[in-house]
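Okay, thanks everyone, let me share my screen.

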Amino acid sequence: MELSTIWFILIAVLWIGYFCLEGFDYGVGMLLPVLGRDEPGADVAPADGVTAHTGETRKRQMLSAIGPFWDGNEVWLLTAGGAIFAAFPHWYATLFSGFYLPLLLILVGLILRGIGLEYRGKVDSAAWRARMDTMVVVGSFVPALLWGVAFTNIVLGVPIDAEMEYVGGFWNLLGPVALLGGLTTLTLFLTHGALFVALKTDGQLRHDARALAIRLGLVAAVLAVAWLAILQARSGSGLSWAVTGIAAASLVGGLLMAGRGREGWAFTGTFAAIGLATASLFLALFPDVMPSSLDPAWSLTTQNASSSQKTLGIMTVVALVFTPIMLIYTSWSYWTFRKRVSGHHIPTQVHHAAVVEGDQVGAGR
């Protein structure tokens, strides 16, 4: 197997890891105002020993659930971008010049989201926390939508000339199929995030999140089937169609498990669905890395867009050393913070500093 093909596969794996892991982060962030509402009776002293949690307590549960993970999950994006830059410089140049505005909006969204998560607990003020929550919601919504738009355009093809330069405009990227792709990733991440909340919390929040995940998942399933069918019909192969079918079955299986209260298997189902759907896109794309809609001969491929063999060889050695380290660390962090976050451990009136930094509440202890 050629080194350029190996690096195409590795980049696909990095994007799969990013969407599977960061996807639930985005979902949790977007669901803050939905699941973070006061429970009925939250302002009444419990008479039956069951405490009704305030909206702030529920939000702290949700943020504590992703606290130990969200910044580590973003490493997958940085690594994927760096790998494209080093292994396929022509792909990187064309992608970032042609998709400049969408990628800039994604970057701004990630910055807003990071600020909201890091600084939410720095000021003990309801107004301050509301502003930070808005930043988290917006910063999660924008990437969740635009990543679907971007990858749809990459698979379908964009205007690229013989000089490997993007010659279209911003509005070329917002066709009906691209917007369908954005809505698909948006609803998939919402479903994924709701199931993560159900998996990592307890009490009424857990039940509300699971019920919401089922409703969102039904919408996501319809959109995903339509979106993937269109993309696969345009450029799919037998293998990519098969992977698409398994992805659809995984999503349906996850929703069935959610209906039975099996949050672990339900989350595994959406995790597999997102990962396999992403894999099917790369399978449909190969051997192109960025097809040209003007002339197939002008498409960027794993051959004409790659670095030299010497560069790819050095990168392969580095990847063999550091990729296992990243996987081991990721696995260790998820195992360490595997427990549920209980709302009973979160006082209703308390200074909120360091909530998302993986403190004892974030650790589920």
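So, the largest pocket has a volume of about 500 Å³. Of the 21 residues lining it, Leu-77, Phe-96, Leu-103, Ile-106 and Trp-147 are the closest to its centre. A pocket here is an open set of points on a 1 Å grid over the protein atoms alone, where a 1.4 Å probe fits, with protein on both sides within 12 Å along at least five of seven lines; lining residues have an atom within 4 Å of a point. The volume is the space filled by probe spheres set on the points, which are joined across faces, edges and corners.

Bear in mind this is a predicted model: local features need pLDDT of at least 70, side-chain atom pairs count only at pLDDT 80 or more, and totals for chains, interfaces and linings use all residues. Numbering runs from 1 along each chain as its sequence is written, and side-chain values use heavy atoms, with hydrogens and water left out.

Which helix gives the most to that lining? That's α6, with seven residues. Helices are DSSP runs of H or I, at least four residues, numbered from the N terminus.

Next, Thr-191, in helix α8 (residues 176-200). Thr-191 counts as buried because its relative accessibility is 0%, where buried means under 20% relative accessible area with a 1.4 Å probe, protein chains only. Its side chain reaches the backbone oxygen of Thr-187 at 2.9 Å.

Most residues other than glycine have a negative phi, and most peptide bonds are trans. Met-164 isn't a glycine, yet has a positive phi of about 65 degrees. And the peptide bond from Phe-286 to Pro-287 is cis, omega near 5 degrees.

Notes:
Helices (H or I, at least four residues) and strands (E, at least two) are DSSP runs, numbered from the N terminus. Buried means under 20% relative accessible area, exposed over 50%, partly exposed in between (1.4 Å probe, protein chains only). A polar contact is a pair of N or O atoms within 3.5 Å; within protein, one must be able to donate a hydrogen and the other to accept it, and residues adjacent in sequence count only if both atoms are side-chain atoms.
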